Amino acid sequence: MARVDKAPRFSAGEAVRIAGQLYGLDAVASPLPSERDQNFHLRDAAGAQFVLKIANQEESDAALDLQNSLLGFLGTCNTGLEFPRVVPASSGSAIASVTGSGGVKYFVRLLTWVDGICMAQAAPHSVQLLRSLGAALARVDNSLEAFSHPAAHRVFHWDLRQAALARPHLDLLPEPRRRLVEPIFDAWATVDWSSLRSGVIYNDANDYNILVDASGSRVVSLLDFGDVVHSATVCDLAISLAYAMLDKPDPIAAAAEVAAAYHQVRPLTAPEAEALYTLAATRLASSVCYAAWQARQAPGNQYLNISNQPVWALLERLAALPPGWPQEVFRRACGFSRGAQTAASLDAARRRSLGPSLSLSYRRPLHIIRGWKQHLYDSTGRAYLDCVNNVAHVGHSHPRVVEAAARQMALLNTNTRYLHEHLTGYIERLASTLPEPLRVAFLVTSGSEANELALRLARAHTGGNQVVVVDVAYHGNTNALVEISPYKFNGPGGRGKPAHVHIAPMPDVYRGPHHGPDAGARYAESVADAAANAARQAPGLAAFFCESALGCGGQIVLPPGYLKEAFAAVRASGGVTIADEVQTGFGRAGSHFWMFETQGAVPDIVTMGKPIGNGHPMGAVVTTAEIAASFANGMEYFNTFGGNPVSCAVGLAVLDVIRDEGLQQNALSTGDYLLAGLREMAARHPIIGDVRGLGLFLGFELVRDRETQEPAAAEASDLVDRMKDLGVLLSTDGPFHNVIKIKPPMVFSRADAGTLLDRLDVALS
Ligand code: PMP
């Protein structure tokens, strides 16, 4: 490798003299950056501009002849780009030479200047520019199929085929950086080079070598042909992807644009599309390895550090992507993903084949095909920070959960009429998270099933059938649950409140009548009244259902004392108390494992769903031995799927991960941080009327006027859509649809909270 310490060291004054002596030019010179050569910008008296290139002392004239021939060749091709032309010296030779200090000989060339803006300086890069880059490079590679030169067949350290030359420098990288890079070389070692087309390639489409037009939307030229080599042609694209990903909010989506545009002009083969990501990553890996090595050789060289920081930042982001994801995105971008359909065709199919009573999120629906930790990824490769899916509690596709399910599925999946360790083991683990006397469980397959069963338990235990519920509550999708869900029976298509249902007002300290320290007690009085009233209707009160924090009601935190006093009143009226923890359970509260615990109250029945299986369909009802006994009247409760060994293995894995990864603690610290950030944001954005929440169960309410509290529903819906465009998923709820809900997977980090806050600030501004 031409060593940086063998780079020429001429002054601008000497460059002027060389230009005069060799080319008869009367010009002013200014230095241009170069890694191992020296380049000067020249402007002559007539205003003509050139680049004077003085090569590294280790550069051969054959290599320079390769560059000159290639420039001459591309100048004649229909690439849509303008290339520098070689200007011969007065002697007639295309490659001249000068002697530097110590008698060292350097080769010199003069090229015409091409106008344009360096792509690195045209950031942020538009989709149009990225596509222009892909198409331009494809046209160059198509043209180069007809070009050959003996000097292109060389062992060259920037040839991705030769990345083994970079690998030894891994030792110069400190941990944890080394650990980011090493797996890339491991992947590189598996590339089947014989399956890739080869030819002469440009080999250096980095954003400092690409010139774009003044509007920053079109590539006009490529510079610096010092890295030209005969290699796998897909490396040309891979290298451009490595740099296209730098400093991008969504690197893979940006790279996919370049790749798709390239593929349109010069279709990739399936093996090329497959190798693309590994090769792009290898370029980054080689780059940091050589930078470390060169920094050792020439500690003061600024050029070496130009792209280092962004490369490390990118390597870190790439390491956090779901395994195999970039490959899948590139496969899709090139049409190699089998069974892949466009969002439009899926939307049409959905309209044809799904019951129309289910709407899609967002005005332009998302086609999500991958989930990983706290991110979802769409079919174009875009990443979204998921702030709403509380079902993927321990993170989307958590490997321990996936593994537990797969392992058990391969062994046994049956109903619960047999003895099995997982069944009893799981129930004991689950019950151990709850206060006494909640020790007996029924395992079901959804939150609705859990609440449906809880209602039956309560009715069996009390002999009553009346139910007290909180306004705007949602408890599930069955007949009996729609009847006790004001969110549904008072919502569109609802039939109003059935006679056996009694509604207590939402204990809302923002909009409701009670605000002060006694708000909990005052709202509990309404529950007491409703319960007493229900108890007077034959055959009496069965239950009080209450979400431990109101989800559909608009992320409402129960005021202190509310549940304790409400539960006491309900019991006094002969009813059973049911805490619906379907949205709120499993550590989301942060301070406690169960949200009802934040109220210092203990219900008679707890219902669970959503997060319990991290997406695997599960639900549970945990109650007292006494209530469970009342239900055992001879009629069996059989549930084909509930409590099967696969579900129990999944449930156990979820509990393990919550414990081992400290997710409840994370909900507390990250939730507090986010709440403080939202409150700070509310101080600056008057449209935020209220901010509330506990742990990672948060919400903020948009209002048109803080005095009148006029709900800003359209604005909330706009905000959610704009946040989606900014790569953040949120949703709205509440009786006026003006509350933004935040209930992310519990692996949501402080950095994610920062991202959410930054983008909210942008969207609200
Ligand atoms: N209870 C609450 C509080 C819920 O939010 C939901 C679902 N949104 C349910 C029960 C019903 O759960 P599932 O959809 O799993 O039947």
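Colleague: Which residue lies over the face of Phe156?
Modeller: Arg154 does, at 3.8 Å from the ring centre. A charge counts as sitting over a ring if NZ of Lys or CZ of Arg is within 6 Å of the ring centre and within 35 degrees of the ring normal.

Colleague: What kind of model is this, and which pLDDT do local features need?
Modeller: The model is predicted, so to speak of a local feature takes a pLDDT of at least 70, side-chain atom pairs count only at pLDDT 80 or more, and totals for chains, interfaces and linings use all residues. Residues are numbered from 1 along each chain as its sequence is written, and side-chain values use heavy atoms, with hydrogens and water left out.

Colleague: OK, overall picture. How many helices and strands does the protein chain have?
Modeller: There are 22 helices and 29 strands in the protein chain. These are DSSP runs numbered from the N terminus: helices are H or I with at least four residues, strands are E with at least two. The C-alpha atoms fill a box of roughly 115 × 60 × 50 Å along the principal axes.

Colleague: And what percentage of the 765 residues is buried?
Modeller: Buried residues make up 55% of them. Buried means under 20% relative accessible area, exposed means over 50%, and partly exposed is in between, using a 1.4 Å probe and protein chains only.

Colleague: Back to rings. How many aromatic pairs are there?
Modeller: The count is 15. Rings of Phe, Tyr and Trp (its six-membered ring) pair if their centres lie within 6.5 Å; planes under 30 degrees apart are stacked, over 60 edge-to-face, and the rest tilted. One of the pairs is Tyr277 with Phe330: the ring centres are 6.4 Å apart and the planes are at 45°, so this pair is tilted.

Colleague: What about Phe442 and Phe631, how far apart are their ring centres?
Modeller: Their centres are 5.9 Å apart with planes at 85°, so that pair is edge-to-face. Phe442 sits in strand E15 (residues 440-444) and Phe631 in helix H18 (residues 625-631), so the pair ties together parts that are 189 residues apart in sequence. Phe442 and Phe631 are both buried.

Colleague: Switching to the ligand. Which residues surround the ligand?
Modeller: Among them are Ser446, Gly447, Ser448, Asn451, Tyr474, His475 and Glu547. A residue counts as near if one of its heavy atoms lies within 4 Å. Helix H13 (residues 447-462) gives the largest share of that shell, 3 residues.

Colleague: How much of the ligand does the protein bury?
Modeller: The protein buries 84% of the 390 Å² that the ligand exposes when taken alone. Accessible areas come from the Shrake-Rupley method with a 1.4 Å probe; for residues, only the protein chains shown count as cover.

Colleague: How many disulfides?
Modeller: The structure holds 0 disulfides; a disulfide is a pair of cysteine sulfur atoms within 2.5 Å.

Colleague: Last topic, the backbone. What is the peptide bond between Glu175 and Pro176, cis or trans?
Modeller: That bond is cis, with omega about 5°, and Pro176 lies in the loop between helix H3 (127-144) and helix H4 (177-188). The peptide bond from Glu436 to Pro437 is cis too, with omega near 0°.

Colleague: And what is the phi of Gln709?
Modeller: Gln709 has a positive phi of about 60°, although it is not a glycine. Most residues other than glycine have a negative phi. Gln709 is buried, with a relative accessible area of 18%.
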